[in-house]
Amino acid sequence: MQVTLRIQRFNPETDTKPYYREYTVEVEPTDRVLDALNQVKWYQDGTLTYRRSCAHGVCGSDAMRINGRNRLACKVLVKDCGPKITIEPLLGFRVIKDLVVDLEPFFAQYRSVMPYLINDEPPPVRERLQSPAERELYDDTTKCILCACCTASCPIYWTTEWLGPAAIVNAHRFLFDSRDRATQERIAILNQRFGVWRCRTIFNCTEACPRGIQVTNAIEQVKRRILAEQV
Amino acid sequence: MATYHRYDAIIVGAGGAGLMAAAQLAGKCNVAVISKLYPVRSHTGAAQGGIAAALGNLEEDHWIWHMFDTVKGGDYLVDQDAAEVLAREAIDAIIELEHWGFPFNRTPDGKIDQRRFGGHTKNFGEGPVRRSCYAADRTGHMILQTLYQHAIKHQVVFYDEYMMLDLLLTDDGVCTGIVAMDIETGEFHIFHAKAVLLATGGFGRVFKVTSNALSLTGDGCALVFRRGLPLEDMEFYQFHPTGIYKMGILLSEACRGEGGILRNGLGERFMERYAPTLLDLAPRDMVSRAIYTEIREGRGVEGKDYVYLDLTHLPATVIETKLPDITDFVRTYLGLDPIKDPIPIQPTAHYAMGGIPTDVDGRVTVDAQNTPVPGLYAAGECACVSVHGANRLGTNSLVDLVVFGRRAGKHMLQFVQENDFHPLPKEPDYRAKAEVAWILENDGDERVATIRAELQEAMMQDAGVFRTGEGLRHLQQKLAELRSRYTRIRIDDHGKAFNMDLVEAIELGFLLDCAEAIAISALARQESRGAHYREDFPQRDDVNWLKHTLVTRTSGGLELSYKPVVITRFEPKERKY
């Protein structure tokens, strides 16, 4: 089948502002949108620029707006997108070139929540014990691949400086890990002006997550945890 | 002008091996990690099923059983001193990962849960054993995340989206650093270092159907090769039995570890004929050959070139909770539900057993005597220790990353503390600059993508699961043609900023280097062993071929030499399962 890709283009070396360009490609209905982009780049216009690596939804490189929604281009099939597919870079970040955005602010927010296990007690000779029930409490938020689909879908993030959903997901992953000992330090970060309270439970993040993480729910759990710890 | 940087240690590649090494060096010396992707995009994150260690949490297990399985699984081409290190240190490494926060699945009493995996047995082959530690079917994702988290905690310096273009060696063979390009700006950076670790991953993209990411183009292997250092055992390339039909996306061996069955077009559990004891959990090379044999003999599904992976007899909760990502892949890409539908699969190019020769401390070596290159290290899939021999067991790749990434990091720390900087060669970036300039300015009539597609097709055809002398000679002719056409490429993007057209052209050069090394090594090896199966020499030949291949590029072309296999505990025997 034929599909038309309407792609936002921007080359920092030659353009002053973004514009759209259309490409028509021959694809199988079951091809990924990434396959269609590759068709363009490989055989029509090598200047088209986007990130990609694993091509099956686990590395998080090819997050972009596809028909207005934040998706991984490798996890959307062309048959589900209609005959004309509009592809744009994620919102809320500086565009470096075409579909490539500057994710450094995103990773800076991620780093700010102390996304690592903190436990200074001397470890046992073998593994620390954790029951399956304790493990289950943070299972959902371990799935995060830091693709930025959620954070870039958040209207609050577009206009205000705040942690954004992905950083909170990664804070949740440690806040609810029975082995972690830094609850108070984590809460101090999350309870700041730019912390969890900026969330207005819009649920865009949950809809955007290609890993099916219940992002808004995780943010709500963090809010409740903060309140519970303060009592 | 290139920007100059100076670090005690430079690590190239931010997957499991690179980050594990970085963890040994962080805070103890001046270290930086360079990666052509953001670290969390590395392909370690795509590993699914598990990481083996004889913890014995669910049933009796011993490191020596793990070592034996590794040696036998590798069809006795494994260096047994290295396999012993792997099996012994796997236990410590897993516990260390747990202490760093790795979210393993747990047993009811809170220990690390373990499951069965192909080729892992109890008591030297008696039957399957629960040795694979795991986190659902996203074990690699969790390793990558845990190690990246650890690196952030210890403030490791990263150069994200920097691509290595050259490896710097002095005339007397001392490594002094690397040259890289900042992909975002196109600027050159010279990294002067006392020690360099290559942890650049595999080269699965030489094949058409592969589980490997688009970025796995053998950069580290190719640059070592270009600098006149040997590559080892390049003919041993693993095809994983269960890739999604046509797409190659990996469906973990954990599917079979949890009880999944392979069925041919007649519905038969055909592995009964090939491996009566381990059945569907036989080593990957045997299962991949069995699948192709079924297909060749007309028992593919509907006469086509695929068979089924059948999970439909498993409880839905097992599929949903222990194989959630795989379930998602099958639903997304095939529109099938693994709870109700058998899954069409075919073998997919997956893992390089060969690569840059190293000793057990990750030091790159150059000859049959294992003479090291001062300051140069390699670990992970790009390296060949050799713990995988002729065929890697499932779950042993993640073990390899953490065990030998750790050992390389520790040895590098000692090396940088005991040694000073060697002066850089004059104009250290001249080769890198010349290559980039050539590609940007070349005005030919060939497209990179066309040459790459023909390369991948030819490799699949003649260097895949079944090989012949005739096919490999044909492949060499094709590679020579592609090499010549590569000199006539023309790319569309001539800019500096985020030029992925340029990146892909450079990567194609790396792939051609790897393919040539594979072809000559495979043609020379006139026997069948592990993943290297020669239809014209179907038997293993220990008298003539129980040795590692070394291939080196010289001014006169590619040259082959060999080095002995280290045998300590287990004398080679026929491999039966």
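Buried here means under 20% relative accessible area, with over 50% called exposed and anything in between partly exposed (1.4 Å probe, protein chains only). The buried ones in H5(B) are B:Asp219, B:Gly220, B:Cys221, B:Ala222, B:Leu223, B:Val224 and B:Phe225. Just past that helix, B:Gly228 has a positive phi of about 85°.

Quick housekeeping. This is a predicted model, where local features need pLDDT of at least 70 and side-chain atom pairs count only at pLDDT 80 or more, while totals for chains, interfaces and linings use all residues. Residues are numbered from 1 along each chain as its sequence is written, chains are lettered from A and ligands numbered from 1 in the order written, and side-chain values use heavy atoms, with hydrogens and water left out.

On confidence: pLDDT is the predictor's confidence in each residue, from 0 to 100. Chain B averages 97, and 100% of its residues score at least 70. For the complex, the predictor gives an ipTM of 0.97 and a pTM of 0.97.

Now chain A. We have eight helices and seven strands there, and the C-alpha atoms fill a box of roughly 60 × 35 × 30 Å along the principal axes. Of the 231 residues in chain A, 61% are buried. Take contacts, meaning heavy atoms within 4.5 Å: among those in chain A between residues at least 6 apart in sequence, 63% join residues at least 24 apart.

Next, the interface. Chain A puts 65 residues into the contact and chain B puts in 63 residues. Together they bury about 5300 Å², 51% of it on carbon and sulfur atoms; that buried area is the accessible area (1.4 Å probe) that two parts lose on being put together, summed over both. Between the chains the count is seven salt bridges, a salt bridge being a side-chain nitrogen of Lys or Arg within 4 Å of a carboxyl oxygen of Asp or Glu. One of them pairs A:Arg94 with B:Glu184, at 3.1 Å from N to O.

There are also 39 residue pairs in polar contact between chain A and chain B, both residues at pLDDT 80 or more. A polar contact is a pair of N or O atoms within 3.5 Å; within protein, one must be able to donate a hydrogen and the other to accept it, and residues adjacent in sequence count only if both atoms are side-chain atoms. On the chain A side, at least two residues each come from helix H1 (33-43), strand S6 (95-97), helix H2 (104-112), helix H3 (132-136) and helix H5 (165-175). H1(A) gives the most, with five residues.

So where does A:Lys75 sit? The answer is the loop between strand S4 (69-72) and strand S5 (84-88) of chain A. A:Lys75 counts as buried, at 12% relative accessibility. The side chain of A:Lys75 makes a polar contact with the side chain of B:Asp328 at 2.4 Å, and a polar atom of the A:Lys75 side chain lies 3.1 Å from the backbone oxygen of A:Pro210. Leaving out residues up to four places away in sequence, A:Lys75 touches A:Gly57, A:Pro210, B:Asp328, B:Thr332 and B:Tyr333.

Over in chain B, B:Val387 lies in the loop between strand S20 (383-384) and helix H11 (396-418). B:Val387 is buried, with a relative accessible area of 1%. The residues that B:Val387 touches, beyond four places in sequence, include B:Val78, B:Leu86 and B:Phe404.

Note on methods: Helices (H or I, at least four residues) and strands (E, at least two) are DSSP runs, numbered from the N terminus.
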